[in-house]
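Hi everyone, thanks for coming. Let's take a look at one protein together, starting with the overall picture and then moving to a few details.

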Amino acid sequence: MKKLIFTAIFSIFSILNLSAQKSDASIYKLYQNYIVIKDALVMDNSDEASKAANEFIKSASMVDYKVLSEGNLDLLRKDASTIAESRSIETQRESFAKLSSNMIEVAKNFKLADSSVFILYCPMQDASWLSAQKEVKNPFYGSSMLTCGSMKSELK
């Protein structure tokens, strides 16, 4: 009987442990908006990056503080606001490096997508970013150094 109870308790903890990387629709939407910002920067399109950053800010407003702390959301909104307000792609890319660093921390604690999420690294910028694909398409340099970088890790 003790063995059966122990097995049942162990199974429950295993299930809880597997769901430790939480999934949340509002965080998923945040990630989707982040990817649109990244893609705009890859394409050297500051106007699209600005629009996408505004959508990211709207999505961040929909995240419950019980899911992600107010402090973390404020950091994400601050970085996205700089991207949204700037028309300088260089400034947007600098802020994207900060936004990416904070989003990587979110990615380590939440399941962002049904498939893998990749952490890619740009040695020239000494910064990482999230991507839905393994292939390097560098948002920090766009068309001038599109494939500069490497995959650092894969989050499942």
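In what order do the elements of the protein run from the N terminus on? They go α-β-α-α-α-α-β-β-β-β. That comes to 5 helices and 5 strands. Helices here are DSSP runs of H or I with at least four residues, strands are runs of E with at least two, and both are numbered from the N terminus.

Before we go on, please keep in mind that this is a predicted model: local features need pLDDT of at least 70, side-chain atom pairs count only at pLDDT 80 or more, and totals for chains, interfaces and linings use all residues. Residues are numbered from 1 along each chain as its sequence is written, and side-chain values use heavy atoms, with hydrogens and water left out.

Of the 156 residues in the protein, 41% are buried. Buried means under 20% relative accessible area, exposed means over 50%, and partly exposed lies in between, using a 1.4 Å probe and protein chains only.

Now to a pair of helices. Two packed helices are described by the angle between their axes and the distance between the axes. Helix H2, residues 25–42, packs against helix H3, residues 46–61, at an angle of about 170°, and their axes are 8 Å apart. The axes are lines fitted to C-alpha atoms, for helices over the stretch in contact, and angles run from 0 to 180 degrees between N-to-C directions. So H2 is roughly antiparallel to H3; angles under 35 degrees count as roughly parallel, over 145 as roughly antiparallel, 65 to 115 as roughly perpendicular and the rest as oblique.

Which residues make this contact? Among them are Leu30, Tyr34 and Ile37 of H2, together with Ala53, Phe56 and Ala60 of H3. Contact means heavy atoms within 4.5 Å.

Let's stay with Ala60, which sits in helix H3. Is Ala60 buried or exposed? Ala60 is buried, with a relative accessible area of 1%. Apart from neighbours within four places in sequence, Ala60 is in contact with Leu30, Leu73 and Arg77.

Finally, over to Lys38, in helix H2. Lys38 is buried too, at a relative accessible area of 3%. Setting aside neighbours within four places in sequence, Lys38 is in contact with Phe96, Trp129, Leu130, Ser131 and Pro139.
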